[in-house]
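Visitor: I have a model open here and would like to talk through one part of it. Could you take me through it?

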Amino acid sequence: MLKLFEPSGYTALSADEKSEICNGCGSKGLGWLVPNTIYGLNITDCCNIHDYMYSQGATLKDKEYADRIFLNNLVRVIDSGSKLLRWLRRRRALKMHWAVDKFGEAAFWDKQ
């Protein structure tokens, strides 16, 4: 069974609390631009965990840690899927990580 890194606070959230904090991939308002899949592989849980970590973070180090966990979880999901598309999915995951690293500060600080 696939095991993602999930902070204990995330696992304790009720469904209602999770829906308030987490919105899948992409930022609130523009989330429809970013798919919850990478070449058909569902990555919604990775994005939701990342959203939660952003909501709990208070420093730039917290943001950087959340971004690293996001990439780690993406790789875990990708490695559990088809080997045929693995290299394409990893390439997309690296681009997604780059995007949150470079452009995620506004979303991070907005959650504070």
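Visitor: Which are the buried residues of α4?

Guide: They are K63, A66, D67, I69, F70, N73, L74, V77 and I78, where buried means under 20% relative accessible area with a 1.4 Å probe, protein chains only (exposed is over 50%, partly exposed in between). This is a predicted model, in which local features need pLDDT of at least 70 and side-chain atom pairs pLDDT 80 or more, while totals for chains, interfaces and linings use all residues. Numbering runs from 1 along each chain as its sequence is written, and side-chain values use heavy atoms, without hydrogens or water.

Visitor: What do those buried residues pack against?

Guide: They pack against β1 (37–38), β2 (41–42), α3 (44–56), α5 (86–103) and α6 (105–110); helices are DSSP runs of H or I with at least four residues, strands runs of E with at least two, numbered from the N terminus.

Visitor: Back to K63, then: why does it count as buried?

Guide: K63 counts as buried because its relative accessibility is 2%. Not counting residues up to four places away in sequence, K63 touches Y54, V100, D101, G104, E105 and F108, contact being heavy atoms within 4.5 Å.

Visitor: And which side chain does K63 join in a polar contact?

Guide: The side chain of D67, at 2.5 Å; a polar contact is a pair of N or O atoms within 3.5 Å, one able to donate a hydrogen and the other to accept it within protein, and residues adjacent in sequence count only if both atoms are side-chain atoms.
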